[in-house]
Amino acid sequence: MGDLQKRNRAITARRQHLKSVMLQIAATEQEKEKARRETEKQNYLSEHCPPLHLPGSMAEVQELCKQLHAKIDAAEEEKYDMEVKVQKSSKELEDMNQKLFDLRGKFKRPPLRRVRMSADAMLKALLGSKHKVCMDLRANLKQVKKEDTEKERDLRDVGDWRKNIEEKSGMEGRKKMFETES
């Protein structure tokens, strides 16, 4: 047991030592990186920004301000012109896209199918589930009674008695009578 504990302590001590060495190396690397960035910044500023020479008299300071304002105005005009060009080209692009959609069609229209739908189902689809009115069109139709049609048929058959007698006269008429009875 004692030997195992000594071994574990040695392993943890070694880990601690390695961590501290790694942290020291990382800290020195960070300081080197920071110094390198500072020198890069100084080099960039010396290249792109000439040192500022402040004139001694008030007239020279005013002249310097006028020059700076003129440069600012020129830059602002250029910026405005660029923005106008961008807006104009984006508007043209939107118009062209709209024309393209109009020519090509926004979406492919599927062929329409005939749908058989009752009036109730149509009202339910249009008005939603709140629809309570039943619209049964067949109930509104006038019903024809069968008795009336049977009476009309009897009157029609008997209506012209001369035809009826002519059809029954002779041998063919009697033959027809026997065929209809059986």
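A: Start with a definition. A helix is a DSSP run (H or I) of at least four residues, a strand is a run (E) of at least two, and the elements are numbered from the N terminus. The model is a predicted one.

With that in hand, find histidine 53. Histidine 53 sits in the loop between α1 and α2. Histidine 53 counts as exposed because its relative accessibility is 64%, and exposed means over 50%. Histidine 53 is 11 residues from leucine 64 in sequence, and their C-alpha atoms are 9.9 Å apart in space.

Helix α1 covers residues 2-48. Glutamate 33 forms a salt bridge with arginine 36, and the closest N and O atoms are 2.3 Å apart. That distance meets the rule, because a salt bridge needs a side-chain nitrogen of Lys or Arg within 4 Å of a carboxyl oxygen of Asp or Glu. What separates these two partners along the helix? Glutamate 33 and arginine 36 are 3 residues apart in α1, so about one helical turn lies between them.

Glutamate 33 also forms a salt bridge with arginine 37. Here the closest N and O atoms are 3.4 Å apart. Glutamate 33 and arginine 37 are both in α1, 4 residues apart, again about one turn of the helix.

Arginine 36 has another partner, glutamate 40. In this salt bridge the closest N and O atoms are 2.4 Å apart. Arginine 36 and glutamate 40 are 4 residues apart in α1, so they are separated by about one helical turn. Because they share partners, these salt bridges join Glu33, Arg36, Arg37 and Glu40 into one network. By this rule, the count of salt bridges comes to 3.

How open are the four residues to the surroundings? Glutamate 33 is partly exposed, at 30% relative accessibility. Arginine 36 is partly exposed too, at 38%. Glutamate 40 counts as partly exposed, at 43%. Arginine 37 is exposed, because its value is 55% and exposed means over 50%.

Now go along the chain to α2. Helix α2 has 47 residues and reaches 68 Å from its first C-alpha to its last. That is close to the 69 Å expected at 1.5 Å a residue. Charge shows up on the surface as well. Asp73, Glu76, Glu77, Glu78, Asp81 and Glu83 form a negative surface patch. One of them, glutamate 78, lies in helix α2, residues 58-104. Glutamate 78 is exposed, with a relative accessible area of 51%. Just after α2 comes glycine 105, which takes a positive phi of about 95°.

Beyond that is a surface patch of another kind. Val115, Met117, Met122, Leu126 and Leu127 form a nonpolar patch, with about 520 Å² of accessible area together. Valine 115 is in the loop between α2 and α3. At 56% relative accessibility, valine 115 counts as exposed.

Step back to the whole chain. The protein chain has 7 helices and 0 strands. From the N terminus, the order of elements is α-α-α-α-α-α-α. Of the 182 residues, 1% are buried. The accessible surface comes to about 19,200 Å², and 57% of it belongs to carbon and sulfur atoms.

To return to the close look: Glu33, Arg36, Arg37 and Glu40 are joined in one salt-bridge network.

Note on methods
Residues are numbered from 1 along each chain as its sequence is written. This is a predicted model: local features need pLDDT of at least 70, side-chain atom pairs count only at pLDDT 80 or more; totals for chains, interfaces and linings use all residues. Side-chain values use heavy atoms; hydrogens and water are left out. Patches are made of residues with over 30% relative accessible area and no salt bridge: like charges are joined within 9 Å, nonpolar side chains (Val, Leu, Ile, Met, Phe, Trp, Tyr) within 5 Å. Accessible areas come from the Shrake-Rupley method with a 1.4 Å probe; for residues, only the protein chains shown count as cover. Lys and Arg count as positive and Asp and Glu as negative; His and the chain ends are not counted. The place of a charge is taken as NZ of Lys, CZ of Arg, CG of Asp or CD of Glu. Buried means under 20% relative accessible area, exposed over 50%, partly exposed in between (1.4 Å probe, protein chains only). The expected span of a helix is 1.5 Å times one less than its number of residues.
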